[in-house]
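Thanks, everyone. Let me put the model on the screen.

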Amino acid sequence: DGTTNQQDVSGETAGASDPQEEEQAADAGETTDGMIRVLLMDDGYQSYWHSQVTVEGNVPLAVTGSVVETWPADSPLSLSELLKPGDQVTVAPAEEKEEARISVLSLARSQGTPAYEGSLTVTAEEEGFLLCSQVDLETYLKYVVPSEMPSGYPAEALKAQAVCARTYAVRQKEENRLKQYGADVDDSVSFQVYNNIGRQSSTDEAVDATGGVVMTYEGEPIQAYFFSTSCGHTSTDEVWGGEGAPYLRSVEVSRQSVEPDALEAWAAGPFLASEESFRNFLDLPDPDDYEREDTWYRWQITLPVRLLQQAAGKFCPQVGTVAGIKVLERSGGGAAKKLEITGDQGVCLLKDEYSIREFLSPGDVPITCGDGTLSTAMSILPSAYFVCEPVYQEEALKAVTLRGGGYGHGVGMSQNGARHLADDGKNWKEILNVFYREITLEQPDA
């Protein structure tokens, strides 16, 4: 999904996929308590390696490590010209000022040139330069929340997002997946988006108002997945082959289902697991669904066979000429878990929602959204909540029409669902307890 879409929210969750890079790099050491290290990706979020790094401070900068330098304020510093492979430096404000920022002039984000609080560590290797932002966790969240949820959303929804983001970050620090890069997380949708949009007063307030609170289950931080828009129902982590964490439940995002007595009846059962039940669900939307009027609640696209053939060449070249596509298995919430691609030379199975969405990439074909608008140039299908309708010409497959709903993987909290729940008078604690079950809200250091 690339960078966050501020109109339609992020569309992809934190932690939906592992980082794509496998290169080795020096470990800069463990994060100190209360701090988080964020590996910054290049423009377009394609790689961890930067071809050049140029920074500028609004206060004088202190450069320490392989090179020791004091650099004046408002003056560009090309670290890529200064460092040779094997060098590592840390750049930090030489003066302790609340407004101190380090701009990375060589990097572009939705806001333009991003500026970072805290310090930056730059490591030079033969492959290029690694750039890592180190900042205290609560400040980090003030750059994550507006990058993951529009700052104009209701205050209670923003607070719920802040708790999700904090919980996710704490969990990732424990898992230490990016240790080889000297980082805890990266700044993309592979973890959660950081500083694509700068700090906003409303999201700052949401972070402060939730005061370090995280969601736990049996004393451990949960995997606080979230996504943009539901099709009216969520799924468990079974869409990625998980075993269904007790706190991740398949739930209806409906006004009727958020009443206290209805909440107790929710379960991750096979309600939408059959093709017939899910097709009926798509065709007959519940008028009480919170997101019924949202852009991505329903969508449709017809993919020509040329795109399917291109995808088969990448994912399953052994099938030959594509002759058919069929969903073989769904999650309890309706997401396609297993997709069968049939060709004149064989059969291929795709077995997780992200691979399925990549295979069915819209490319240059516009998607018709439920409100009649068109969305173009998407690199991945909006969601795995769809039905397939083949289009034949003289008994040969010509295209496949996909009718679906939702934006994102559909696990955990729907951000637009949270917005509507807040509009309906629910507070942030109530919102979180709708999407995550049997959780405890606590402050680890309390």
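Start with E174. Setting aside neighbours within four places in sequence, E174 is in contact with E220 and P221. Take P221. In sequence, E174 and P221 are 47 residues apart. In space, their C-alpha atoms are 9.3 Å apart. Keep in mind that this is a predicted model.

E174 has 48% relative accessibility, so it counts as partly exposed. The cut-off for exposed is over 50%.

Where does E174 sit? In helix α3. That helix covers residues 155–175. So let's turn to its packing.

First partner: helix α9, residues 415–423. The axes of α3 and α9 come within 7 Å. They cross at roughly 140 degrees. That makes α3 oblique to α9. For reference, roughly antiparallel needs an angle over 145. The crossing of α3 past α9 is right-handed. Who touches whom? From α3, we have E156, A157 and Q161. On the α9 side, they meet Q415, A418, R419 and A422.

Next partner: helix α10, residues 428–435. Here the axes of α3 and α10 come within 8 Å. The angle is roughly 60 degrees. That makes α3 oblique to α10. This crossing, α3 with α10, is right-handed. On the α3 side, the contact is made by E156, A157, K159, A160, V163 and C164. On the α10 side, it is made by W428, I431 and L432.

Look at E156 and A157 on the screen. They meet α9, and they also take part in the contact with α10.

A word on spacing along a helix. An α-helix has 3.6 residues a turn, so residues three or four places apart point the same way.

Now to another helix, α2. It runs over residues 137–148, twelve residues in total. From first C-alpha to last, α2 reaches 16 Å. That is close to the 16 Å expected at 1.5 Å a residue.

How many of the twelve residues of α2 are buried? Eleven, so α2 is largely enclosed by the rest of the structure.

A side-chain oxygen of D136 comes to within 3.3 Å of the backbone nitrogen of E138.

That's my tour. Over to you.

Technical notes: Residues numbered from 1 in each chain as written. Predicted model: local features only at pLDDT ≥ 70, side-chain atom pairs only at ≥ 80, totals over all residues. Heavy atoms only, no water. Helix = DSSP H or I, 4+ residues; strand = E, 2+ residues; numbered from the N terminus. Expected span 1.5 Å × (residues − 1). Buried < 20%, exposed > 50% of the residue type's maximum accessible area, 1.4 Å probe, protein only. Polar contact = N/O pair within 3.5 Å; in protein donor to acceptor, adjacent residues only side chain to side chain. Axes fitted to C-alpha atoms, helices over the stretch in contact; angles between N-to-C directions. Parallel < 35°, antiparallel > 145°, perpendicular 65-115°, else oblique. Left-handed = near helix turned anticlockwise from the far one by under 90°. Contact = heavy atoms within 4.5 Å.
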